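Here is a short briefing on a protein model.

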Amino acid sequence: LVLDETGWKMATTRVAAVVDAWLEVIASDAYHRALIDLLRAPMLFEDLDEMQRGTTCLQLEALIRERNLASGLERIRAEANQAAPEAAAILSRLVEARTALSPQQSLSIAEWLRRLEKSLSLLGAIDAFTQDQAGRQWLDWLHTRIAELAEDGERFGFTAWRGWFNRQMDSLLFRDESIDSPVVMTHLAATRLRSFEAAILIGADAEHLAPPSPPAWLAHAGVRRQLG
């Protein structure tokens with residue numbers, strides 16, 4: 001195992017993928033592909049049996065195909081009430097979580113983050129996040145931002161806030177702190193004042209890590225060409 005000190009983008013973790021899938025369902029009013037992606041996502045509805053979740057997802061996919069449902073969370077739930085009660089129960093939880101987030105309002109960033117956490121709790125995701133290392137780091141980031149921005153009263157609509165949130169996920173790094181290894185992957189600045197038994201410089205070839213060229217005795221290129 002390698003201890004990766006550089007980390008990688010939080011946006012590439014399962015936790016961030018689940019959150020993004022949920023926000024996409026809200027933004028698109030449950031566009032059918034976004035809805036199916038969300039229901040297939042891990043770490044949601046952890047309080048439900050896995051087989052039950054899988055069966056419900058298949059029922060909902062069949063219902064969407066048969067009744068040609070493109071989007072509309074309330075409409076899809078109304079159709080499911082008649083044909084797939086188990087799917088309707090999960091859709092009702094999505095409606096409740098969307099109401100908790102209130103995407104039609106303008107709120108401060110801290111309030112958006114608080115409501116995001118509440119909506120994810122209603123979807124049964126927070127317990128799964130606390131059992132996942134990336135999930136715990138994401139929750140730590142969330143609570144830190146809420147505390148830092150508590151006094152900021154500037155309000156944003158859902159779309160503007162989501163743009164800010166996505167930029168934060170792109171810049172936030174996840175580091176696997178469970179690995180303890182003498183083999184370390186790090187960046188050049190972090191090697192200062194540290195000793196290593198051996199070092200591999202990735203991409204260190206004549207093009208990317210070449211020694212500087214010695215200065216020419218005659219600096220004028222035209223003169224050098226004439227003299228050969």
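**Cavity, rings and a buried serine**

The largest cavity has a volume of about 30 Å³. The model is predicted: local features need pLDDT of at least 70, side-chain atom pairs count only at pLDDT 80 or more, and totals for chains, interfaces and linings use all residues. Residues are numbered from 1 along each chain as its sequence is written, and side-chain values use heavy atoms, without hydrogens and water.

**Cavity**
- The structure holds one cavity of 30 Å³ or more.
- A cavity is a set of points on a 1 Å grid over the protein atoms alone where a 1.4 Å probe fits but cannot get out; lining residues have an atom within 4 Å of a point.
- Leu39, Phe45, Arg53, Thr56, Cys57 and Ile90 form the lining.
- Helix 3 (residues 50-66) gives the largest share, three residues.
- The lining divides into four nonpolar, one polar and one charged.

**Aromatic rings**
- The whole structure has nine aromatic pairs (ring centres within 6.5 Å; planes under 30 degrees apart are stacked, over 60 edge-to-face, the rest tilted).
- Phe129 and Trp138 are edge-to-face, because their ring centres lie 5.6 Å apart and their planes meet at 85°.
- Both Phe129 and Trp138 are buried (under 20% relative accessible area, 1.4 Å probe, protein chains only).
- Ring pairs join Trp112, Phe129, Trp138, Trp141, Phe158, Trp161, Trp164 and Phe165 into a cluster.

**Ser108**
- Ser108 lies in strand 3 (residues 107-108), a DSSP run of E with at least two residues.
- Ser108 counts as buried because its relative accessibility is 13%.
- Not counting residues up to four places away in sequence, Ser108 touches Asp152, Glu154 and Arg155 (heavy atoms within 4.5 Å).

How values were computed: Helices (H or I, at least four residues) and strands (E, at least two) are DSSP runs, numbered from the N terminus. Buried means under 20% relative accessible area, exposed over 50%, partly exposed in between (1.4 Å probe, protein chains only). Rings of Phe, Tyr and Trp (its six-membered ring) pair if their centres lie within 6.5 Å; planes under 30 degrees apart count as stacked, over 60 as edge-to-face and the rest as tilted. On a 1 Å grid over the protein atoms alone, a cavity is a set of points where a 1.4 Å probe fits but cannot get out, and a pocket is an open set with protein on both sides within 12 Å along at least five of seven lines; lining residues have an atom within 4 Å of a point. Grid points are joined across faces, edges and corners, and a volume is the space filled by probe spheres set on the points. Ala, Val, Leu, Ile, Met, Phe, Trp, Tyr, Cys and Pro count as nonpolar, Asp, Glu, Lys and Arg as charged, and the others, Gly among them, as polar.
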